[in-house]
Amino acid sequence: MAKETPNWEGLLKWSLSHSDGTGSARNLSEEDRRWFMEAMQAQSVDVIRRMKEITLVMQTPEQVLESQGVTPQDIEGMLDELQEHVESIDNANDIHSIGGLVPLLGYLKNSHAIIRAKAAEVVGTIVQNNPKSQQLVMEANGLEPLLSNFTSDSDVTVRTKALGAISSLIRHNRPGIAAFRLANGYAALRDALSSESGRFQRKALNLVHYLLHENHSDCGVVTELGFPRIMMHLASSKDGEVREAALQGLLELTRYRLGKADTSQSEEDDKLKQILQERINGISEMSAEDLGAAREERHLVDSLWSTCYNEPSSLRERGLLALPGEDAPPPDVASKHFEPPLRAWGANRNPDAKSSTKKEEKETPPLLLGPVPSSGNAS
């Protein structure tokens with residue numbers, strides 16, 4: 001299917017000829033204005049038309065598509081194109097009005113894992129930082145198939161993509177958060193942390209941290225579900241980002257516990273101290289490059305140690321908390337080229353120098369830009 005696209009090369013030449021910076025802005029002629037608006041409208045119509053065509057394909061039964069030789073990879077490529085279109089918030093909101101949202105959500109139940117995964121990714125793009133689309137997806141019951149794929153799909157990529165879409169759907173969306181909690185979302189996140197996929201674990205930990213930040217009282221629920229023990233295990237992960245996210249979660253839960261005036265010691269406290277000491281030892285053995293990459297982890301380990309034991313960690317004594325140059329401002333390489341005239345003139349003056357001629361004794365004042373005084377007012 002051939003796509004009719006506007007003459008973008010001509011549009012570029014036109015834009016450059018009217019904004020080359022060599023002249024002042026001028027009013028467009030009516031002909032130029034009409035040509036420009038038609039070019040913009042042609043592109044807009046083309047995108048909407050393509051989204052409608054993709055919607056028709058999504059509405060076609062899977063068996064019919066297969067009989068026409070359409071492969072799952074073809075559908076995945078089509079969803080790739082749709083994802084590019086819905087990166088625009090206007091197009092994302094239009095997908096529902098043209099009838100594309102419901103069949104897209106239906107693809108979450110497709111028999112092919114690559115289509116289920118890609119559909120979740122497109123849904124995540126549609127709802128990201130988009131309250132209107134979040135509401136439309138919630139009203140279309142889109143959270144249910146996402147939760148089903150997240151908790152029970154046999155393909156870890158599908159589970160990961162579904163979790164990413166859920167995270168975008170419920171972020172800054174209180175009804176979405178409430179629905180997630182009622183659907184035992186925390187239990188599902190706990191199970192996700194037992195996965196062998198580091199990417200899946202990172203997404204789960206990041207969502208846990210966001211939810212606890214939004215509603216600190218959920219720390220009690222998370223603690224009862226056994227998250228501290230799992231997070232302590234992940235704090236020793238080989239994946240640096242998993243370690244960092246786990247330490248962040250432990251810090252949040254520890255602050256909540258101490259805020260409740262619970263200072264009782266337990267077996268888990270001893271285990272945490274052992275893990276933190278192991279992380280301190282591991283950090284001490286890192287190369288300079290690895291230390292730079294682990295900056296946030298170093299601060300988290302020190303913060304967690306200080307919070308738990310009311311004393312700074314040994315990272316401070318070893319000089320590993322803030323490495324030389326980390327907190328220094330970036331070098332100022334431009335200011336010397338843009339010194340104010342008075343400052344530059346003052347810096348170059350040398351009152352102790354003695355000149356051999358009257359010409360050299362006379363300082364040349366800085367050139368100041370401003371209105372030229374009339375001859376009658378000159379001093």
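Tutor: Let's start with a term: two residues are in contact when they have heavy atoms within 4.5 Å. This is a predicted model, where local features need pLDDT of at least 70, side-chain atom pairs count only at pLDDT 80 or more, and totals for chains, interfaces and linings use all residues. Residues are numbered from 1 along each chain as its sequence is written, and side-chain values use heavy atoms, with hydrogens and water left out.

Student: Among contacts between residues at least 6 apart in sequence, how many join residues at least 24 apart?

Tutor: In this protein, 69% do.

Student: What makes a stretch count as a helix here?

Tutor: It has to be a DSSP run of H or I with at least four residues, while a strand is a run of E with at least two, and both are numbered from the N terminus. By that rule the protein has 22 helices and zero strands.

Student: Why is helix 7 called roughly parallel to helix 10?

Tutor: Angles run from 0 to 180 degrees between N-to-C directions, with axes fitted to C-alpha atoms over the stretch in contact. The axes of helix 7 (residues 113-127) and helix 10 (residues 156-170) cross at roughly 15 degrees and come within 8 Å. Angles under 35 degrees count as roughly parallel, so helix 7 is roughly parallel to helix 10.

Student: Which residues of helix 5 are buried?

Tutor: Buried means under 20% relative accessible area, with a 1.4 Å probe and protein chains only. In helix 5 (residues 89-97), N91, A92, N93 and I95 are buried. Across the protein, buried residues make up 39% of the 379 residues.

Note on methods. Parallel < 35°, antiparallel > 145°, perpendicular 65-115°, else oblique. Buried < 20%, exposed > 50% of the residue type's maximum accessible area, 1.4 Å probe, protein only.
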